[in-house]
Amino acid sequence: MTQEFFDKIAPPCVVGFMILLPDPIPIPQKATWYSTTDEQVPELDGEALVAQPGVAPFPVLDGEHNFVSLRFWQMADNSPTPFVHESKLLMKAFDAMHPTGNEDPGHEYLDQELVPGDKYRTVVEAITFNSEEPSDTTAIDRCLNELMKFYRSYRVVASRPLPELTVRRLFPTVLTFRRAPEETEVTFVGTTILEDGAPPNLGGLTSEIGTDFTMFDQAAGLQSRLDRLDPLARYAECRTDAGYALHGVGSFRDTVIHLGIACEVLFDGLLGMLIWEEGTSVDEAAELFSGTITTRIKNEFHTRLGGTWRLDRGELGDWSTKVADVRNRVVHSGYRPSEAEALAAEAAADSLRDFAARRLAALGRKYPCTNVVFFGDQPVPQGVPTLNRAARSWLEVNRDSLDAKRAEHNAWREAVNTAVSRRSR
């Protein structure tokens with residue numbers, strides 16, 4: 001960004017950016033996601049509104065912390081030559097969300113209906129507050145960081161395999177606007193070129209835009225779990241990477257590597273939660289996690305969860321031969337697994353997850369907090385492991401302190417990881 005750009009958005013003001021995604025997100029029109037940051041913003045003290053789906057994001061101010069609000073806008077693009085009119089689409093999206101009463105061509109989108117059969121692109125309106133308080137991040141970087149985080153969660157719940165979103169995959173031209181605190185309308189600043197942007201390498205279009213907020217809500221909820229270092233959420237993200245590698249681009253090497261990571265994240269994340277809930281000290285946990293993962297599997301899980309945790313039979317045996325062994329051949333000798341091997345690894349990883357979930361779900365009285373973290377308290381399809389009666393009773397009593405318990409576990413786990421790193425030097 002040039003100095004001229006920063007002069008145009010001089011604080012204090014709300015700053016917004018119109019960003020074109022490479023792959024459409026078929027969620028309801030104007031769905032809005034809101035996140036706060038750790039940065040203090042004294043200019044917003046006393047102003048507090050809550051973002052709701054479909055509500056304009058401008059008045060969403062926290063007062064204690066800065067924020068980023070993302071509003072998703074579906075733009076019809078039935079051009080016979082897709083990806084030619086990206087800049088026009090951005091202008092139309094801006095014009096539709098911030099009409100000025102003139103005859104700009106974007107006004108045809110003001111009351112745009114989502115028509116079945118049309119092809120759509122997704123434009124994100126990202127806004128944040130540009131404070132006079134010093135900050136380590138710029139307004140555009142703050143918005144991009146939160147956009148990447150949301151998309152990271154969306155990939156996990158999406159109905160089709162999607163690659164990870166990076167700045168290099170975004171359309172490099174971004175529209176910028178601002179609004180001073182005392183103003184009610186925005187001022188168009190101009191176009192901005194992303195510093196890390198690359199020539200357009202956009203994905204496909206979509207013709208089915210959802211009207212149900214379920215998937216949007218799932219992605220937003222999952223993002224908060226990823227922020228809290230939730231082990232099952234991190235497993236789900238790694239599992240999504242594996243699914244995209246296998247079913248999206250057909251990279252069987254990457255499939256096995258990501259499945260290997262996912263399973264180890266599940267093992268160590270689950271074990272960490274269990275021993276934290278037992279009251280294990282940081283030093284004792286660091287000693288345990290300094291050993292090999294196979295040693296932990298053989299020695300630590302059976303006594304806590306029951307079931308068969310031997311590496312020569314059952315779900316653990318399948319993980320050992322179809323995931324871990326193949327992953328080691330890939331990493332250490334450059335082995336190229338076949339599609340059949342990748343599919344077998346995928347099935348073995350899913351069976352391992354289901355096995356661990358069933359064992360944990362039966363122990364809601366012994367490990368209630370771990371159960372709540374892993375399963376949440378939302379309804380699930382019949383046959384899917386969830387909280388038992390003892391865990392639900394515990395949750396009702398401890399619901400108000402749940403965030404504090406999660407923060408306590410996160411701090412404990414970070415201390416354990418640091419201690420393990422020191423031991424390995």
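A salt bridge is defined here as a side-chain nitrogen of Lys or Arg within 4 Å of a carboxyl oxygen of Asp or Glu. Under this criterion, Arg239, Glu346, Asp350, Arg353 and Asp354 are linked in a network. The model is predicted: local features need pLDDT of at least 70, side-chain atom pairs count only at pLDDT 80 or more, and totals for chains, interfaces and linings use all residues. Residues are numbered from 1 along each chain as its sequence is written, and side-chain values use heavy atoms, with hydrogens and water left out.

The salt-bridge count comes to 20. Side chains of opposite charge can pair when their charged atoms come close. Glu300 bridges to Arg304, and their closest N and O atoms are 2.9 Å apart. Glu300 is buried at 19% relative accessibility. Arg304 is buried as well, at 14%. Lys149 and Glu146 form another salt bridge, with an N to O separation of 3.4 Å. Both residues belong to helix H3 (residues 139–157), and because they are three residues apart, about one helical turn separates them. Glu146 has a relative accessible area of 8% and is buried. Arg313 is partly exposed at 42% relative accessibility, and Asp312 is exposed at 51%.

Secondary structure elements are DSSP runs numbered from the N terminus: helices are H or I runs of at least four residues, and strands are E runs of at least two. Strands of a sheet pair through backbone hydrogen bonds, either parallel or antiparallel. Two strands are taken to pair if DSSP finds at least two bridges between them.

On one side, six bridges join S3 to S2 (residues 32–40), and the two run antiparallel. Tyr34 has Ser69 of S3 as its bridge partner. S3 is also joined to S4 (residues 120–130) by nine bridges, again in antiparallel fashion. Here Trp73 is partnered by Val123 of S4. Elsewhere in the sheet, five bridges connect S1 (residues 13–20) with S5 (residues 173–179), and these strands run antiparallel. Phe17 has Thr176 of S5 as its bridge partner.

Axes are lines fitted to C-alpha atoms, for helices over the stretch in contact, and angles run from 0 to 180 degrees between N-to-C directions. In the loop between S1 and S2 lies Lys30. Lys30 is not a glycine, yet has a positive phi of about 70 degrees. Its relative accessible area is 31%, which makes Lys30 partly exposed.

Two packed helices are described by the angle between their axes and the distance between the axes. The axes of H12 (residues 368–375) and H13 (residues 389–398) come within 9 Å and cross at roughly 90 degrees. H12 is therefore roughly perpendicular to H13, under a scheme in which angles under 35 degrees are roughly parallel, over 145 roughly antiparallel, 65 to 115 roughly perpendicular and the rest oblique. Contact means heavy atoms within 4.5 Å. Pro368, Cys369, Asn371 and Val372 make the contact from H12, and Ala391, Trp394 and Leu395 make it from H13. By class, this contact has six nonpolar, one polar and no charged residues. Nonpolar covers Ala, Val, Leu, Ile, Met, Phe, Trp, Tyr, Cys and Pro; charged covers Asp, Glu, Lys and Arg; the others, Gly among them, are polar.

Val372 of H12 is buried, with a relative accessible area of 3%. Leaving aside neighbours within four places in sequence, Val372 is in contact with Leu387, Ala391, Trp394, Leu395, Leu402 and Arg406. Val372 and Leu402 are 30 residues apart along the chain, and their C-alpha atoms are separated by 9.1 Å.

Conventions: Buried < 20%, exposed > 50% of the residue type's maximum accessible area, 1.4 Å probe, protein only.
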